[in-house]
Amino acid sequence: MKTAELSAPEQEMEGSSVKQTFPVLGMTCAGCAASVESMLGATDGVISAQVNFASNTVLVEYNKEVAPATFQKALQSIGYDLIVDAEDPNAAQEEARHEHYEKVKKQTIGAAILTLPIFILGMFFMEWIPGRWISLALSIPVLFYFGQGFYINAWKQARFGKANMDTLVALSTGIAFIFSLFNTLFPEFWHNRGVHPHVYYEAATVIITFISFGKLLEERAKSGTSEALKKLMGLQPKTLKVLIDGQEKELPIASVVVGNEIIVRPGEKIPVDGTVSSGESYIDESMISGEPLPVLKKAGEKVFSGTVNQRGSFQFIAEKVGSETLLSQIIRKVQEAQGSKAPVQKLVDKIAGIFVPTVIAISILTFAIWMLVGGEDAFTHALLTSVAVLVIACPCALGLATPTAIMVGMGKGAENQILIKDAESLELGHKVNAVILDKTGTITEGKPAVVNFQFAGAIGNRSEQSQEEVGVGSQYVQSKEAVAVRSDNSQFTVEEGKYLSLLLSIESKSEHPLAEAVVKYLNEKNIEPIQTDKFESVTGKGVKAWKGSGLFLVGNEKFLVENKVKIDSELFHIAETWSKEAKTVIFFANEFEVLALIAISDRVKKSSQSAIEKLKSKGIEVYMLTGDNQQTAAAVASQVGVTDFKAGVMPSDKADFIKELQSKGKVVAMVGDGINDSEALAQADVSIAMGHGSDIAMDVAKMTLITSDLEKIPQAFNLSTLTVNGIKQNLFWAFIYNLIGIPIAAGVLYPINGFLLDPMIAGGAMAMSSVSVVMNSLRLKKMKI
């Protein structure tokens, strides 16, 4: 079932155990999440269970001998459900969520319609006896039809000795209804005791209506937090065109297998990852790189799922399908991240777990105290205050405070090409005060490129040119970074053109890693190769080639000296200058003299310097660690403004350096892209991998930058600050609400000013506290990072 692979329940095998995410149905509050977690945790074969209340999913690690249907039965026994065998679990959950939303909507509307007359009768015609019977008749469907879910779930929880928000609602409304029913049927019981019997049908029904309305708004808000995932999933087409035995066939995405030849036409999205086999086209890869300009893809080049083809048509061979594609990995990382719990969330979960029993205890204590000191209306006051305590103290706001802010923060990160693997890194990001950067592939592009080209005939006037050009007069060739004097072959002299064509031919045959940079550079200059007669490679030194009777050499200085080639003093001076700038110098010569100099270097990314300046402006210390030599490290460090750097370090040295900083009380972020960075990434408090780096680096890192732009690092820390501020605000309001609300509900103001909180008002306040927490989290969506 490949569709399932592309969707929610991603499986990860770890030895004898399996990690899988399942959609959960029927959770209504943080207490429910705690119940689901503890129920699954107590199920045979389950190693751990982690619920994400905001996305209604649970990540279960279990022994692979156990069937997921066992978990489903366990949860069904306490009133919840698990989607385990749907062909597309994501769609099934979405459908179930939509059905649940529609059900809550109908329940809320139905309850509100019947509650309105009960409320009017209870508020304005409370002494009208027939009004009590009308209220009784109307409140029965509100409580036991539209509100039946509260009672069913509370009973299922109670059977297993558990309690959640439904327990509070069922207790408070049930007690209020039974009390009112007794007063309606037997008013003389109170009259005989000199007490006027009141009914609280309006309190019970308004609580059900308010809480149903709060749930309705919560459901809408929660669906809004997963928009980033829906957008990512929407990047993948549902069908694709495959060549089978020379015939074009349209297949669903789930049917594609590795090795299929897929046809892509103008404007279509690339369905899976693969390599172009024929044709060429420009492809919009902004989803991966963040770069607005489309990239030309030819035969032999990689294409990725979710990127968009522009004007050309081409065919490619599928190499990664289902959950293996880059897009599916991105989706999975966002899902895992949204389900992970920040340390503060684990604390909140513990609080929610003891919150419900504590509130029930406070309610019983309130009842007992009022019965002892309440005077002639003691029972009435005891009942009302104990009911108000149960109603006002629902733990929903507390339970939603952290996950909603984390989810919105994760989504905001994904929109900005920052994938956050777990909540802890998002929470710690704002505390980072030391950042360690790897050099190759992080600060630099990680690919050698020609940065200077100098013909021997162009010596003179050197001071007139910029240092970057390192050429003279009008006769030099240079990289695209500098102002290109010559953009095509016609601008070279005939002799130079021949030499460049010869150089291209020689370097095309060379196996040296740097030869590729020269070939790429000359191809960009539209040079056409000239066929050579003979070719010879001298390992570690250079290459020889013959054209007619002429011998040509490409290699290092030592190679030329060995072959008794004369090096002009001014060319030697230029080569020396380039070497000091940490560039690799290649000599191109005939058997008598040097014809040209080529400088190759790993270019520093355009964004590196500005990103480092931004980190420093935040008071963050920036370090650079590299396995490269001291001279190269010093040149790169000075170029980007890093004063603290270490060269020639081994992978374990990087991790040790991080430990050293951590022992001094630093919160350390490590940014790397290679397998050699994985140990350091694992050691760091916050680990960030570059998106174009190795899979291992991305697996170890807690954050991945989809683009290679270092500007995303300060943005990630800004996002962390905004998210943590949101969590703090949410927790503040949730705690303050309960700290103020519970004592008022218990009646502490009654001895001072005679005020007793009506259970109906308590229900409204509780619902609004949950909604306010969700709405506060959603504000983050509109903020700039």
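Which residues have the most contacts inside the largest nonpolar core? I found Met 27, Val 58, Phe 71, Val 435, Ile 713 and Phe 717, in a core of 70 residues. I took a nonpolar core as a set of buried Ala, Val, Leu, Ile, Met, Phe, Trp, Tyr and Cys residues joined through side-chain atoms within 4.5 Å. Buried means under 20% relative accessible area, exposed over 50%, and partly exposed in between (1.4 Å probe, protein chains only).

I also noted a second, separate core of 26 residues, with Phe 455, Tyr 499, Leu 504 and Ala 517 among them.

A word on ground rules: this is a predicted model, where local features need pLDDT of at least 70 and side-chain atom pairs count only at pLDDT 80 or more, while totals for chains, interfaces and linings use all residues. Residues are numbered from 1 along each chain as its sequence is written, and side-chain values use heavy atoms, with hydrogens and water left out.

**Met 27.** I listed its contacts (heavy atoms within 4.5 Å), leaving aside neighbours within four places in sequence. Met 27 touches Cys 32, Ala 33, Val 36, Val 51, Asn 52, Phe 53, Asn 56, Thr 57 and Tyr 80.

**Whole chain.** I read off 29 helices and 28 strands; these are DSSP runs numbered from the N terminus, helices being H or I of at least four residues and strands E of at least two. Of the 785 residues in the chain, 54% are buried. Among contacts between residues at least 6 apart in sequence, 68% join residues at least 24 apart.

**Helix 5.** I followed residues 129–146, 18 residues that reach 26 Å from first C-alpha to last, close to the 26 Å expected at 1.5 Å a residue. The expected span is 1.5 Å times one less than the number of residues. Where does helix 5 bend? I found a bend of about 25° at Ser 139, with Pro 141 following within four residues. The bend is the angle between axes fitted to the seven residues ending there and the seven starting there. Ser 139 is itself one of the buried residues of this helix, along with Gly 131, Arg 132, Ser 135, Leu 136, Val 142, Leu 143 and Phe 146.

**Ser 212.** I located Ser 212 in helix 9 (residues 201–225). Is Ser 212 buried or exposed? It counts as buried because its relative accessible area is 4%. Its side chain reaches the backbone oxygen of Ile 208 at 2.8 Å. Setting aside neighbours within four places in sequence, I saw Ser 212 in contact with Val 104, Thr 108 and Phe 150.

**Positive phi.** I checked Asp 245, in the loop between strand 6 (239–244) and strand 7 (247–252). Its phi is near 55°, a positive value in a residue other than glycine, and Asp 245 is exposed at 78% relative accessible area. Lys 564 has phi near 55° too; I found Lys 564 in the loop between helix 20 (557–562) and helix 21 (569–580), exposed at 72% relative accessibility.

**Gly 312.** I ended in the loop between strand 13 (308–309) and strand 14 (314–320), where Gly 312 sits. At 17% relative accessibility, Gly 312 is buried. Gly 312 and Glu 280 are 32 residues apart in sequence and 6.3 Å apart in space, C-alpha to C-alpha. Beyond neighbours within four places in sequence, Gly 312 contacts Val 264, Arg 265, Pro 266, Glu 280 and Ser 281.

Terms used. Polar contact = N/O pair within 3.5 Å; in protein donor to acceptor, adjacent residues only side chain to side chain.
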